[in-house]
Amino acid sequence: MATTMEVEVKKEPEDETSVEPLDKETLSAVLQFLKKNNLKATEELLKKEANLEAGSSNGTSTRSEQDVSSVLSAYQSEGDPSMYETNYKNLKHVIETALDSRKVEQTQLLYPVFVHMYLELVYNGHEGAAVNFFEAFRREQEDYHQDDLVQLSTVTKKEHMRHSELIMNLRSSKYVLRLSRDSYQSLKRQLQEKSNNIVLNILQEHLYIDVFDGMPRSKEQIEAASGGMCGEAKRKANKGKMSFGLLKEPDINLLLDDEEEGGEGEDKPKKKKVKRLDIKKSKPDPNAPAQNRIPLPEMRDVDKLEKILCFRELSKRVHLSPDLLPSVCFYTLLNANQGLISVEISDDSSLLAAGFADSNIRIWTLTPKKLRSIKPADVLQELEKEAEDVMERIMDERSSADCKLLVGHSGPVYSTSFSPDRNLLLSASGDGTVRLWNLYTFSTLVCYKGHNYPVWDVAFSPFGHYFVSCGKDRTARLWTTESHQPIRLFAGHYSDVTCVCFHPNSNYVATGSCDRMIKVWDILNGKCVRIMTGHKSTIQKVLFSPNGHFLTSAGEDSSVMLWGLRHSNLIAELKGHTECVYSLSFCRDGNVLASGGLDNSVRLWDVKKIFAEAESEDFTSAPQVQHNDSSKLSLGCYPTKSTTIHHLHFTRRNLLLAAGAFSSSS
């Protein structure tokens, strides 16, 4: 049965500091992983980005097994296996008897020490003792570590350690803990007095203790930043300068015609009120990057016209607030037996693209204007190319339809993205490719082959030309529409990179991952300039605010988090969803945030006040502060009958569009 769409309308109820490069151990481990999985193209790109000599590839290849052995050899120990359980209990006792202010911080050590004690027992052949130790303390660890512990439980022999991605991550990148100097020195002194050498050795060899001066952090502050596969982000990783302001708008003056009623009678002519609108930023953003920091495509006449139309619509937008909530127009895909996976709506809200599990993509028009294909080549040759309406003449009226089918992928389509001018569409698939489609001919222009595993997400730059993709190979890649090879490789996540988005100024890219970390990358040099931790499960969506100063993220832990980019701090955690959150969207002025997901509901959040407070607060000398009262920020909830929210989108006039597939309850 063909897929149809039903429309339902609901009314309102510092100084620049470069981040240090990867250390040799980490780089070696990543290269070894890429080689083992036959990711040759990715391996070469990483070597190029890391400035490795071309001739070093052979040396890296021959040393790969030795590198793995040297990485794991740190677990070599001749200690009595029965002492591990005793030492771990001793560590717990030291923490439990500490002052309350220190206890909360020191508790962070229990999980990484537990993991590395277990690995030491396995590496040294004490398999029985390792299993007993694991079962004795496994249930005491935090809930968000349980998935990692399931992987760890499969490593019961020394040979298994060589092939475990989790273990190589934990060993090649030390687990990061942030402790106040008072808590750290007190703990170390207690362990030395009790001769707890096993724990002291783990602190020295396997953990990175990021010590800071000042008061110990509270339980709330620690929980807000915990959850990452390899701990928190190092403080120095977020010290680099980031130009997160918006670029200056082009100086385009235009006249707007506002129609007004001339009188009460229908025959009375309408009057036109003419007003001038200057497309300029009234106040230049001091945090904005240089206009020529990265090469951006020049504005064509058609781009200027699109900009004019955009600002014409924006000038008529409704300014949302707690007293004036948006209406929601919901597009329900009925009979979507092909398995709807992804939905995307163009910036001007005229087109909707849906990706399906059967490898196909369907494009719908959301306006009365039909979708038309270009006439055959022999007919086009006879047309007058200089005619003013040439773009209209080349379109074939006989091909008019409300929906077009794009066929080309050989795997599920996980993501789509429209170009700003709506002439092109990107799609990411489980077949490991990204395809660029022409929306005049509805055919493939380029098939980009760089990822060797499924590609989970793809996104166009706000200015076009650039786009970014991410996938199961733990990398994100920056491309241009003019080249079939990526121009940047963003490597540093410890697991699948699940989502990606561009900053409004197009100078930065944000990625979310299964390692429960968010990273922001500078596309000028490929460096990571921000790292955020706090999610307790896989991150499914990241999105920058319209003014570029903030980032929001959501995922399988059902939380929506708001981050400040200036200091990489968590400023709010919005709780209300009961299932995974798939989609996020800011209204056009950034005052309201919409979220939706597997719990079949759309939620609205008042973020204007939170952002204003965050801009005025200083986090440089004080620990992170978090707003917890989500109930005061919630503006409402729009439940559906039985429809997962795949996508949310605010129109230029601030009408909220939502889309998903109806699932009949059995």
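**A buried arginine, an open sheet and aromatic pairs**

The side chain of Arg-652 makes a polar contact with that of Glu-306 at 3.0 Å, a polar contact being a pair of N or O atoms within 3.5 Å, where within protein one atom must be able to donate a hydrogen and the other to accept it, and residues adjacent in sequence count only if both atoms are side-chain atoms. The model is predicted, so local features need pLDDT of at least 70 and side-chain atom pairs count only at pLDDT 80 or more, while totals for chains, interfaces and linings use all residues. Residues are numbered from 1 along each chain as its sequence is written, and side-chain values use heavy atoms, with hydrogens and water left out.

A polar contact also joins the side chains of Arg-652 and Asp-347, at 2.9 Å. Arg-652 is located in the loop between β33 (647-650) and β34 (656-661); helices (H or I, at least four residues) and strands (E, at least two) are DSSP runs, numbered from the N terminus. Arg-652 counts as buried because its relative accessibility is 8%, where buried means under 20% relative accessible area, exposed over 50% and partly exposed in between (1.4 Å probe, protein chains only). Beyond neighbours within four places in sequence, the contacts of Arg-652 (heavy atoms within 4.5 Å) include Leu-309, Cys-310, Arg-317 and Arg-588.

Four strands form an open sheet in the order β25-β26-β27-β28, with antiparallel pairing; two strands pair if DSSP finds at least two bridges between them. The edge strands, each pairing on one side only, are β25 (539-544) and β28 (569-575). From one strand to the next the twist averages 20°, with axes fitted as lines to C-alpha atoms, for helices over the stretch in contact, and angles running from 0 to 180 degrees between N-to-C directions. Strand β27 (residues 559-564) pairs with β28 in the antiparallel sense over 6 bridges. Gly-564 has Asn-569 in β28 as its bridge partner. Helix α17 (residues 608-616) packs on the sheet and touches β26 (550-555), β27 and β28, its direction making about 165° with that of β28.

Aromatic pairs number 16, counting rings of Phe, Tyr and Trp (its six-membered ring) with centres within 6.5 Å; planes under 30 degrees apart count as stacked, over 60 as edge-to-face and the rest as tilted. The pair of Tyr-118 and Phe-134 is tilted, because the ring centres lie 5.0 Å apart and the planes are at 50°. Tyr-118 lies in helix α6 (residues 110-123) and Phe-134 in helix α7 (residues 127-137), so the pair ties together parts 16 residues apart in sequence. Both Tyr-118 and Phe-134 are buried.
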